[in-house]
Amino acid sequence: MTQDKAFFILKTGVNVFLTGEPGSGKTHTVNRYVAYLRSCGIEPAITASTGIAATHINGMTIHSWSGIGIRNGLTDYDLDRITQNERTVRRVSRAKVLLIDEVSMLSAQTLSMVDRVCREIRRSPQAFGGLQVVLVGDFFQLPPIVRRDDENGARLAFENASRDPRAQFAYHAQAWTALNPIVCYLTEQHRQEDATFLDILSHLRQGSFNKEHEAHLSKRRSVGTGAHTGITKLFSHNADVDRVNEVELGKLRGEPRVFAMEAHGAKAFAEQLKKSCLSPERLLLKTGAKVMFTKNSTDGKYVNGTTGEVMGFDAVEKFPLVKLRSGRTIVAEPAEWSMEGDGKVIARIEQVPLRLAWAITVHKSQGMSLDNAYIDLTQAFEYGQGYVALSRVRTLAGLHLAGWNEQALQVHPDIRAKDAEFQKASEEA
């Protein structure tokens, strides 16, 4: 389907699932529809499944918008608390159109929770309380990540949808069925400028990657020690990202400023908060450091995933002065993460909401478009990880590979089958 046809369908007001390969124009089409709605005097609710995805669309996470936060489930008590939050009620009740980007990373359970909140606040039995819902994403991208807790509620690990049957894809949800979205499968290509590279990505997606494609990728293995100097580095694991960031920080002049995390309340719960926080307990920064924000600001100045460079430190409080990619410079003041129990804060931590960002994980790269990238897939562990990483780059010439393992170039077999259904539905639409 062309972007123009998808735009026409969106304007009819029906629920839509907008999908297509990376670079097919999903974000462009969404932005075009948002501009159209605003020209009609309608302000859409713009959300995404993750903080980093929200940065690409100048929106907020669907978890924050709906008030569900990091909950795994939604009890009657939880729903009652959410419906008593004036800001959440105002957002949901006034909305007319809800956009959810990167829906592939949203679990079926989470989508159902949002549906329940919308029905309750809007006092309507219709799916999502009668909102027009536009779901955007590509299920060949990375799957949902959910928390796995022990019987006492302590966090044990994160699990992916392809490994944990409890974390089904969003289209498994009854809420998706109730929405009955029109599928708009975009088929134009605007990111990859290299026919050979585009052919490789298409065959990866179809599960027909062969020796010829492998030979092309083999030619892009790191060619010389300086081949990837100064370009974005993508890794599958946080440990590799941390190692690169520490080395780059060490290259900068001067002693680092140290920002120590403060913890308050019940020790066991405070430790849980520390482990889940994206900012480290000891944050080391220097002027010139590449950084990423790890939390949404209450005043909208930044969101989880906003990147920038430390330009210096505030003369009074000594907090980092961060120049964003937009050119604006802001003071990164300490933020708070808290945990509630029985309506009370039982633990909280405070830290400057930053982390080093010379290197990033594949998960955080989703939605980006890069001219050059150094990619290490030798320790890939998830379906779609290699596909996501490779499709960030526009051409083979801009791709520098450290290597890959067998898992890296596999896509989820269930998704291939569902994708065929989506394509057929789009043709019918």
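At what angle do the axes of helix H9 and helix H10 cross? The axes of H9 (residues 195-206) and H10 (residues 211-218) cross at roughly 125° and come within 10 Å. The model is predicted, so to speak of local features takes a pLDDT of at least 70 and side-chain atom pairs count only at pLDDT 80 or more, while totals for chains, interfaces and linings use all residues. Residues are numbered from 1 along each chain as its sequence is written, and side-chain values use heavy atoms, leaving out hydrogens and water.

**The helix pair**

- That angle makes H9 oblique to H10 (under 35 degrees is roughly parallel, over 145 roughly antiparallel, 65 to 115 roughly perpendicular, and the rest oblique).
- H9 passes H10 in a left-handed crossing (the near helix is turned anticlockwise from the far one by less than a right angle).
- On the H9 side, Thr196, Asp199, Ile200 and His203 make the contact, and H10 brings His213, His216 and Leu217 (contact means heavy atoms within 4.5 Å).
- Sorted by class, this contact has two nonpolar, four polar and one charged residues.

**The sheet**

- Five strands (DSSP E runs of at least two residues) form an open, antiparallel sheet in the order S16-S15-S14-S13-S19; strands pair if DSSP finds at least two bridges between them.
- Strand S16 (329-331) and strand S19 (354-356) sit at the edges, each pairing on one side only.
- From one strand to the next, the twist averages 45°.
- S15 (residues 320-324) runs antiparallel to S16, and three bridges join them.
- Lysine 323 stands opposite threonine 329 in S16.

Technical notes
Helix = DSSP H or I, 4+ residues; strand = E, 2+ residues; numbered from the N terminus. Axes fitted to C-alpha atoms, helices over the stretch in contact; angles between N-to-C directions. Nonpolar A, V, L, I, M, F, W, Y, C, P; charged D, E, K, R; others polar.
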